[in-house]
Amino acid sequence: MNIDTLRPVARTLLRTYEVRSARSNDLAAAMVKGKLTSWSDGTTICTEGDPSDDMYIILKGNVQILRNDATGSPRELAVLQAPTMIGQMGLVDGSLRSATCMAQGKVGAISISLATFQAILKEATKAGAAFRHLLLASMNKQLFTANEKIRKLIEDIEKEENQKNSKKSSAKTKEPPQSSSDRLMEIAGVLDGWKMDASGVDDVEFVEDDDMKRTREARGLKKRF
Amino acid sequence: MSIYKTLSKMHMFKEVSKEDLKDLISQCEPSSYAMGALVCQQGEAATHAMLLLDGRLDVSVRAENKTRSVGSIHPGEIFGEQGLFHNKGVRSATVLASKPSHCLKLTPKIMKTHSNNKAMVALERHLIATMSRRIRSTNTQIQKAWKEESKPNITQNVPEKEKSSSLLGRLKSLFGG
């Protein structure tokens, strides 16, 4: 595993999480500090309620996210496709795993231990900055997406109440509406970083410094994003 | 008090050298607000975040023709970070100075060009901790609402209207309602 092989994954992560202030080469330099690991189909990657010792940058395969509902039964929250990252929130705030992650097919990942994670966060380098910016952008997206979903839920509850008050029959829908309970569970998943809307991925304005501008112009290339 | 003196007293910068702190200050645009002055307006374009140096700011959200107070910002706190990460993002709240206040502007460009500066590293780590607390606090309230909503044995005798009103109240409280 070297920086060159990780650069395409780093580039996708930066675009997915809308990071405007980091280069893929720098993020790949941070990722290379982790260890390569893999799981076979159906293997548990981490279990809800366990201590958070590592985070994973998924390079290949799909990860099923399960969380116990109020009755204690596991419910699928999402299936994440590579490249993505999981388990970072527990390393940030020391919380326990908020969901169980299972490998769907063969899954390859970079495992970053708590000690490595903390060391990267303290680094005054471009690699450290790229990793911090990825983390900050993902947390910002979690909060933004959750707030949007909460606002939508409020609107829908109010609409439903108004319809009941005016004794009008509720709008006919082809499918039964998702219950408030399910939507709250989904929002909790967003806040834990398990679910994320991909909207805006093609709308990232990259911040280009003078050094990058000179290199790009010397190669006769257009601005990438 | 100079900006350097104010920042050097903040816990997040306690291990940062004078040179790094002064370098960061030289790149960040300062701004001053008299009591009652507008710092940022809900709905306007968000292009940067701010670090409050001194004073106090009040945050409010306008919805359904009502303005609700959602809290205060104290010295050392960073706000408006949406402007650092969300392209074409807008301010989600209005911020007014409730005391004479001074701020430093943080832009994505400064974050990018100061990756070797330990004051910037300290600032980013402080922001990670701040956002993590915000996420946990929202999540705690959402999980509480979800658990209440999922208790059939307790809520089955509660009229549907009361049940949804109580959930509505809990959700609105997240936005100061």
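Which residues does B:Leu106 touch, not counting residues up to four places away in sequence? They are B:Cys28, B:His48, B:Ala49, B:Met50, B:Leu51, B:Leu84 and B:Met111, where contact means that the C-beta atoms of two residues, placed from the backbone, lie within 7 Å. Before going on, keep in mind that this is a predicted model: local features need pLDDT of at least 70, side-chain atom pairs count only at pLDDT 80 or more, and totals for chains, interfaces and linings use all residues. Residues are numbered from 1 along each chain as its sequence is written, while chains are lettered from A and ligands numbered from 1 in the order in which they are written.

B:Leu106 is also one of the residues with the most contacts inside the largest nonpolar core, along with A:Leu27, A:Tyr56, A:Ile58, A:Val63 and A:Leu134. That core has 99 residues. A core here is a set of buried Ala, Val, Leu, Ile, Met, Phe, Trp, Tyr and Cys residues joined through C-beta atoms within 7 Å. Buried, in turn, means that 20 or more other C-beta atoms lie within 10 Å of the residue's own; 12 or fewer makes it exposed, anything in between partly exposed, and C-beta atoms are placed from the backbone. Helix α5 of chain A, residues 126-165, gives the core its largest share, 12 residues. In soluble globular proteins, nonpolar side chains tend to be buried together.

Now for chain A. It has 7 helices and 6 strands, taken as DSSP runs numbered from the N terminus (H or I with at least four residues for helices, E with at least two for strands). Along the sequence the pattern reads α-α-β-β-β-β-β-α-β-α-α-α-α. Of the 225 residues of chain A, 40% count as buried. Among its contacts with a separation of 6 or more, 75% are between residues 24 or more positions apart.

Strand β3 of chain A (residues 54-68) runs antiparallel to β4(A), with 7 bridges joining the two; strands count as paired if DSSP finds at least two bridges between them. A:Asn68 stands opposite A:Pro74 in β4(A). The two strands make a hairpin with 5 residues between them, and A:Gly72 in the turn has a positive phi of about 90 degrees.

The peptide bond from A:Ala82 to A:Pro83 is cis, with omega near -5 degrees. Most residues other than glycine have a negative phi, and most peptide bonds are trans. A:Glu18 is in the loop between α1 (3-16) and α2 (24-31) of chain A, and A:Glu18 counts as buried because it has 22 C-beta neighbours inside 10 Å.

Over in chain B, there are two open sheets to follow. One has 4 strands in the order β1-β8-β3-β6, with antiparallel pairing. β1 (30-33) and β6 (78-79) of chain B each have a single partner strand, so one side of each is left without a neighbour in the sheet. Inside this sheet, β3 (residues 49-54) and β8 (residues 101-106) of chain B pair over 5 bridges, with B:Met50 opposite B:Lys105.

The other sheet has 4 strands in the order β2-β7-β4-β5 (chain B), again antiparallel. Its edge strands are β2 (38-40) and β5 (66-73) of chain B. Neighbouring strands are turned by 30 degrees against each other on average, direction ignored. Here β4 (residues 57-63) and β7 (residues 94-97) of chain B pair over 4 bridges, and B:Asp58 stands opposite B:Leu96.

Finally, the two chains meet: 41 residues of chain B are in contact with 46 residues of chain A. On the chain B side, α5(B) gives the largest share, 19 residues. That side divides into 15 nonpolar, 13 polar and 13 charged residues, with Ala, Val, Leu, Ile, Met, Phe, Trp, Tyr, Cys and Pro counted as nonpolar, Asp, Glu, Lys and Arg as charged, and the others, Gly among them, as polar.

Methods. Axes are lines fitted to C-alpha atoms, for helices over the stretch in contact, and angles run from 0 to 180 degrees between N-to-C directions.
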